[in-house]
Amino acid sequence: MTTTKFLLDESRMPRHWYNIAADLPVALPPPLHPGTMQPVGPDDLAPLFPMELILQEVSTEREVPIPEPVREVFKLWRPAPLFRAHRLEKALGTPAKIYYKYEGVSPAGSHKPNTAIPQAWYNAQAGIRKLTTETGAGQWGSSLAFAGALFDLDVKIFQVRVSYDQKPYRRALMETYGATCVASPSNETNSGRAILAERPDHPGSLGIAISEAVEVAATHDDTKYALGSVLNHVLLHQTIVGQEAMLQMEMAGDDPDVIVGCTGGGSNFAGIVFPFLGQQLRGGGKTKKRRIVAVEPAACPSLTRGKYAYDFGDTSHLTPLVKMHTLGSTFTPPGFHAGGLRYHGMAPLVSHLKQLDLIEATAYTQNECFAAGVLFGRTEGIVPAPEANHAVKGAIVEALRCKAEGRSEVILFNLCGHGHFDMAAYSNFHAGKLVDQQYDEKELAMALAGLPSVPA
Ligand SMILES: *Cc1c(COP(=O)(O)O)cnc(C)c1O
């Protein structure tokens, strides 16, 4: 008897999020106020976020309860399934066992609603009426739009210009959920106007869209800002993924030797990895040491080529300084299809773990990732999001290493979303039209030279 999918009953859905801050061997460097260079306090963040989320951002409690109304919404798609990739294993001829946690079953098609729902709920509880945010590929925008519809919040989304033009169906989805979409840079903010004045046809970037969304929230009392990745509380919300996966791996009777995830801002990776890593950190060397691999795009390689330094989270420098692996806040990556991985920085928690050598990082080009995604589609049936293709590629590389070494390791990866809104990218791949563009070394050097100087 072989089992292909491992399903948890709704009653076994986790009741708390796991906070890795409680188990870190070295505390996370604090975010700094760019004016005073002092750690930011809750009050500094209050114009942007409701207090409950600010408290989660700085919490060191190991377990943070998931509010019951949030769990009720999660039941629309959670617990998410864990699959054993029998057919992919066979196609690769590997003795390794490959498992994947599938987050594409959410209404928006990715892991992003795992944090959109609680963020919208805490804002609604605090009496907030409007949320602003940015979106690149449109995954986060559609997730927050969905969450806004459930909790009766107006959602305004600054969508990076190129993706606004290239992905009309993601925009249609956001509008179907009732949100408003604006192409960024826009004329609605000082940040946007300043950029358009210099370059009216600017294609936009996540850093610019964040500036616009933050500016609107900071200047309107009834409006707050929501971020889809990077921040501690966002990574916290995603840990429901790894906690479910732990229970499901137990059902499967296996324990992963290698865990793989793709990294844009770091949230889906943290979601699957942190609960396993926490177990290892608490075990003090007595539990199994697993290899943990972050996979990023070669064209935007913050963990593998960036500098670990304090930097701004946005282009117009409205955010606090956070210590992270960064390519520089002015760095614009060349065009490639995994829009969700085109961010100049990385979650401070993920960067910190990389710095402590608790995780590894590797980078692949988009063509090799799409080839991996196509093989996955032809064996397992699911067509992954371009971002998720990076995790598929990472898992396949590990499985082929196992084949070469004749080892039957257990590999687990996060299949963080499906690619049904990204079929134009697949068409380009099939037509041989995807280009593996190199980032500009000179631009990277310039962006890194422009990092803010922070007293030690
Ligand atoms: C947003 C997104 C990503 C990148 O964000 P992380 O915070 O690194 O997870 C990756 N995959 C998908 C499907 C996304 O929507």
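What follows is a conversation about how to read this model, from its overall build to single residues.

Me: What should I know before I start?

Reply: This is a predicted model, in which local features need pLDDT of at least 70 and side-chain atom pairs count only at pLDDT 80 or more, while totals for chains, interfaces and linings use all residues. Residues are numbered from 1 along each chain as its sequence is written.

Me: How many helices and strands are there in the protein?

Reply: Helices (H or I, at least four residues) and strands (E, at least two) are DSSP runs, numbered from the N terminus. Here the protein has 18 helices and 15 strands. Its radius of gyration is 20 Å, close to the 23 Å that the globule rule gives for 456 residues, so the protein is as compact as a globular protein of that length. That radius is taken over C-alpha atoms, and the globule rule is 2.2 Å times the number of residues to the power 0.38. The C-alpha trace spans about 60 × 50 × 50 Å along its principal axes.

Me: What share of the residues is buried?

Reply: A residue is buried if 20 or more other C-beta atoms lie within 10 Å of its own, exposed if 12 or fewer, and partly exposed in between, with C-beta atoms placed from the backbone. By that count, 56% of the 456 residues in the protein are buried.

Me: Which residues touch the most other members of the largest nonpolar core?

Reply: A nonpolar core is a set of buried Ala, Val, Leu, Ile, Met, Phe, Trp, Tyr and Cys residues joined through C-beta atoms within 7 Å. The largest one has 131 residues, and Ala 391 and Ile 411 touch the most other members. Helix H10 (residues 206-218) gives the most to this core, eight residues. As for contacts, two residues are in contact if their C-beta atoms, placed from the backbone, lie within 7 Å. Leaving aside neighbours within four places in sequence, the contacts of Ala 391 include Val 260, Cys 262, Phe 413 and Leu 415.

Me: In what order do the seven strands of the open sheet come?

Reply: Strands of a sheet pair through backbone hydrogen bonds, either parallel or antiparallel. Two strands count as paired if DSSP finds at least two bridges between them. The order here is S1-S4-S5-S15-S10-S11-S14, and the pairing is mixed. Strands S1 (5-6) and S14 (360-364) stand at the edges, each with a single partner strand, so one side of each is left without a neighbour in the sheet.

Me: Where can I see both kinds of pairing?

Reply: Start with strand S4 (residues 82-84) and strand S5 (residues 97-102), which run antiparallel and are joined by three bridges; Phe 83 stands opposite Tyr 100 in S5. Then look at S5 and S15, which run parallel with six bridges. Ile 98 stands opposite Ile 411 in S15. Strand S10 (residues 258-262) also pairs with S15 in the parallel sense, over three bridges, and Val 258 stands opposite Ile 411. Strand S15 (residues 410-415) is mostly covered, with five of its six residues buried.

Me: Which residues are closest to the ligand?

Reply: A residue is near a molecule if its C-beta atom, placed from the backbone, lies within 6 Å of it. In this model 20 residues surround the ligand, and the closest are Gln 139, Ser 229, Gly 264, Gly 340 and Gly 417. Helices H6 (139-151), H12 (267-283) and H16 (386-405) are the elements that give two or more residues to this shell. The largest share, three residues, comes from H12.

Me: Is Asp 152 buried or exposed?

Reply: Asp 152 has 10 C-beta neighbours inside 10 Å, so this residue counts as exposed.
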